[in-house]
Amino acid sequence: MDFSWSKRQTELYQKALAIAENELFEEASSEREPQEFPKQKWERCSQFGLMGLSLPPSYGGLGLDALTSAYVFEAFGKGCSDRGLLFSAAAHLLATAMPIAEYGQPDLQKAILPQLATGQWIGANAITEAEAGSDIIAIQTTAQEQDGYYYLDGQKSYVTNGPIADVIVTYAVTNPQAGYLGISGFVVEKDRPGIILGEAFEKMGLHSAQAGWVRFENCRVPKSNMLGKPGEGATIFKRSMQWERAVLFAFYIGTLDRQLETTVAFARKRKQFGKALIKHQAVAHRLADMKLRLEQARLLLYKACWALDQDEGAVLDVALSKLAVSQAAIQSSLDAVHLHGAEGYKADGEIEAMLRDAIPSTIFSGTSEMQRDLIANYLEMGIA
């Protein structure tokens, strides 16, 4: 691994950070209801190229590798206060556009990827169901083949971007007897008869990320809209999660970076018992722990993205990274709230918002327990 950044990578980071700080930062709000989708912010991010970072230039993307894409998301995470927006952008790119770019048929790619790369269309990934989350084999949505089409039936829950999606990547059972090899992936445009998009529901954090259920009722989809071959859906989904778990979590690294800077500045300014907070050993040690978590998580994430780019089967590296970043996001956010005292607990403060946005990081894209299982499996096999 090379720990230096190229001139282009540095320029992309600095440009992204400037846009995020100057155009996408707003004071936190105490509003708890789902916010309206930030269309203008989405368009500004699209103008930069965020929605197509890792997509091929032939389809309007920037053609960046996973590591560079993560570095850009880190910059946005440091400067942008709307982490719901960044979560939506990452789901759009990594779990929707990338599977189409890697497994879609050429005509399907030509029809959809340019719209996704420019942000004109919004993409959603629909996998989770009432009784199936990380356990993809448990999904109940079916796809029956007939006369050159597949007919989808079932309901997906917790679909990020679902209420506003123009195109959805979803997964359904095409061969119930085949288990893991009986699941296939499909691309479904929002205007196809039989697809119903639910309204956004209320969440603890990541408010501007619109999430809701998606239902398929005898939804007819052309065979050409299948991703890969019949039965490759579970493999395709696993690949998309590698991209998401590695690259998406980079915006949390950026958030942790700003969180630490903000907390250190507060500890320098705030005085207790005649001296600055940072001069008290208990406070200084807590800040040191926040710095340690940040750097550990950052290095693990860079390594995971590098391994993904090397096509080295980065499952272990990605699991370690995802676990480290999400755990750091929660613990350091708790520390930041504690060190800010009453200011950190105020419902309309940035520090409190960071904690709420950190909580779901241990749940989506595979829970922390699932990441530990993956890590333990590698240890058991003696290849870690």
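Predicted model: local features only at pLDDT ≥ 70, side-chain atom pairs only at ≥ 80, totals over all residues.
At 8% relative accessibility, histidine 340 counts as buried. Setting aside neighbours up to four places away in sequence, histidine 340 makes contact with Thr262, Thr263, Phe266 and Ile351. Glycine 341 follows H9, and its phi is positive, near 65 degrees.

Let me now turn to the helix as a whole. H9 comprises 26 residues and spans 37 Å from its first C-alpha to its last, which is close to the 38 Å expected at 1.5 Å a residue. How many of its 26 residues are buried? The count is 20, and H9 is accordingly described as mostly covered.

Helix H7 covers residues 250–269 and helix H9 covers residues 315–340; the two pack at an angle of about 20 degrees, with axes 10 Å apart. Because the angle falls under 35 degrees, H7 is roughly parallel to H9. The crossing of these two helices is left-handed. On the H7 side, the contact is formed by Tyr252, Ile253, Leu256, Gln259, Thr262, Thr263 and Phe266. On the H9 side, Val325, Ala328, Ala329, Ser332, Ser333, Ala336, Leu339 and His340 take part. How do the residues of this contact divide by type? There are 9 nonpolar and 6 polar residues, and no charged ones.

The next partner is helix H11, residues 350–358. The axes of H9 and H11 come within 9 Å and cross at roughly 160 degrees. The angle is over 145 degrees, and H9 and H11 are therefore roughly antiparallel to each other. This crossing, too, is left-handed. H9 contributes Ala329, Ile330, Ser333, Leu334, Ala336, Val337 and His340 to the contact, while H11 contributes Ile351, Met354, Leu355 and Ala358. By type, the contact of H9 with H11 holds 9 nonpolar and 2 polar residues, with no charged residue.

Leucine 355 is located in helix H11. Is leucine 355 buried or exposed? Its relative accessible area is 19%, and because buried means under 20%, leucine 355 is classed as buried. Apart from neighbours within four places in sequence, leucine 355 is in contact with Ile330, Ser333, Leu334 and Val337. Between leucine 355 and serine 332 there are 8.6 Å in space, C-alpha to C-alpha, for a separation of 23 residues in sequence.

I return to H9 for serine 321, which also lies in that helix. Serine 321 has 0% relative accessibility and counts as buried. Which residues does serine 321 touch, not counting those up to four places away in sequence? They are Leu300, Leu301 and Ala304. Serine 321 and glutamine 371 are 50 residues apart in sequence, yet their C-alpha atoms are 9.2 Å apart in space.

Finally, I note a residue in a loop. Serine 81 sits between helix H3 (66–79) and helix H4 (83–103). At 16% relative accessibility, serine 81 is counted as buried. Excluding residues up to four places away in sequence, serine 81 touches Leu24, Phe25, Glu26 and Arg258.

To summarise the packing, H9 is roughly parallel to H7 and roughly antiparallel to H11. His340 of H9 takes part in the contact with H7 and in the contact with H11.

Conventions. Residues numbered from 1 in each chain as written. Heavy atoms only, no water. Axes fitted to C-alpha atoms, helices over the stretch in contact; angles between N-to-C directions. Helix = DSSP H or I, 4+ residues; strand = E, 2+ residues; numbered from the N terminus. Parallel < 35°, antiparallel > 145°, perpendicular 65-115°, else oblique. Left-handed = near helix turned anticlockwise from the far one by under 90°. Contact = heavy atoms within 4.5 Å. Nonpolar A, V, L, I, M, F, W, Y, C, P; charged D, E, K, R; others polar. Expected span 1.5 Å × (residues − 1). Buried < 20%, exposed > 50% of the residue type's maximum accessible area, 1.4 Å probe, protein only.
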